[in-house]
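Good morning, and thank you for coming.

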Amino acid sequence: MGINLSLGEARRIALAAQGFGISRPARPSASRVRGTLGRLGLFQIDSVNVLVRAHYLPAFSRLGPYDREAIARDAWGPKRQRRMFEYWAHEASLLPLDLHPLLRWRMARAERGEIGYQGLRRFAVERRAEAQAVLDRITAEGPMTAADFENGSSKSGWWEWSHTKHALEWLFWAGKITTATRRRSFVRVYDLPERVLPTAVLDLPTPDPARAQRALIARSAQALGVATAADLRDYFRLKPEEADHAIAAEAEAGTLIPVRVEGWSQRAWMHRDAPTPRSVRAASLLAPFDPLIWERSRAERLFGFRYRIEIYVPPDRRTHGYYVLPFLMDEALVARVDLKADRQADMLLAHRVTIEPGAPAETLERLAHELDQLAAWLGLNGVTIRKIVQLS
């Protein structure tokens, strides 16, 4: 028959599953950062650096100020120190190494030309010799960027990628190369997996696709706490035919418990081990690509909070700003802040703070504290707030 949950109960389950409501450590260790990655399953990568690169923010939102080098070492350090790898998961992502076997079916599909946009699929078939030539050069010469190949750098955008860049991206999708490191401009440096990832990881057995997809759905459910089938599929970007059998199997196994959430039209699922706190105490700024809010319809269902990133919206048509971070306070999204790390002025600049209708009186005070923490973590001298807007 399933369980009936109030919207408040579902919200608290989701927040607890995502690691909110836990006391922040005084000095977050590298192991706590790894624990956060393990809980979430991935840190989404985005190249925008107006504040700080997005993959660093989810750990800050949950742990407070930590050493960003902990992620840099685990993601792009020497082979013996690797704890993460890059691959396409929700989008381009940093993932814990134990997920590598669970994504090899996706690599195999890319290698066969079954997934990816048409420009990439060609390298699995009629342009395979070109991709092999690129791979042979990396094999012989070592780590390389697209620009290290003749005519290998893109001109001015995604749609003008060179043939070499397309070949590299197909090889990356197919698991034949991976990210060795990132240069200061965040350019990806490619190398062979066996020269980058620990041998023990590459030697792990490869589960069949159905089993891997079940494991990914289980990880999604753990990270989300309570979720619709669409939410579960979206977490690791699974198609219905890849996920629906897995959801059914995990439900039959008792890992997923059917629930009805107040106000949700779709049936939902709760992970059997999801914590169900009576209340959640939190104060966190959330990256636009934080897994709590990256699925905008889910954020609206859970929090009644309509959120759209406006990076690609012309300035005169933006509602809230260029790089806007929602502010989570306890169990609600109560504000949003358009932020920039003004490195020339050595200040964290809040172009606009928007206070949501019904936000508690202490919202600005608690937000100011979190902005001070963020500025200090980024090595900036303070916070400048240019505009505060109270929505009614």
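Predicted model: local features only at pLDDT ≥ 70, side-chain atom pairs only at ≥ 80, totals over all residues.

Strands here are DSSP runs of E with at least two residues, and helices are runs of H or I with at least four, both numbered from the N terminus.

Residues are numbered from 1 along each chain as its sequence is written, and side-chain values use heavy atoms, with hydrogens and water left out.

To return to the strands, β2 and β4 (residues 92–96) run antiparallel and are joined by 2 bridges. Two strands count as paired if DSSP finds at least two bridges between them. The open sheet has 3 strands, ordered β2-β4-β3, with antiparallel pairing. At its edges stand β2 (43–44) and β3 (84–88), each with a single partner strand, so one side of each has no neighbour in the sheet.

Which residues of α4 are buried? They are Ala70, Ile71, Ala72, Asp74, Ala75 and Trp76, that is, 6 of the 8 residues in this helix, which spans 69–76. Buried means under 20% relative accessible area, with a 1.4 Å probe and protein chains only. The cover over those residues includes α2 (30–40), β2, β3, β4 and β5 (178–182).

I now turn to a pair of helices. The axes of α7 (residues 128–141) and α8 (residues 163–173) come within 9 Å and cross at roughly 80 degrees. Axes are lines fitted to C-alpha atoms, for helices over the stretch in contact, and angles run from 0 to 180 degrees between N-to-C directions. The two helices are therefore roughly perpendicular to each other, a term covering 65 to 115 degrees. On the α7 side, the contact involves Arg128, Glu130, Ala131, Val134, Leu135 and Ile138; on the α8 side, His163, Thr164, Ala167, Leu168, Trp170 and Leu171. These residues divide into 8 nonpolar, 2 polar and 2 charged. Contact means heavy atoms within 4.5 Å.

Finally, the chain as a whole. Its secondary structure comes to 15 helices and 15 strands. Of its 392 residues, 57% count as buried. The C-alpha atoms fill a box of roughly 65 × 60 × 40 Å along the principal axes.

Notes
Parallel < 35°, antiparallel > 145°, perpendicular 65-115°, else oblique. Nonpolar A, V, L, I, M, F, W, Y, C, P; charged D, E, K, R; others polar. Buried < 20%, exposed > 50% of the residue type's maximum accessible area, 1.4 Å probe, protein only.
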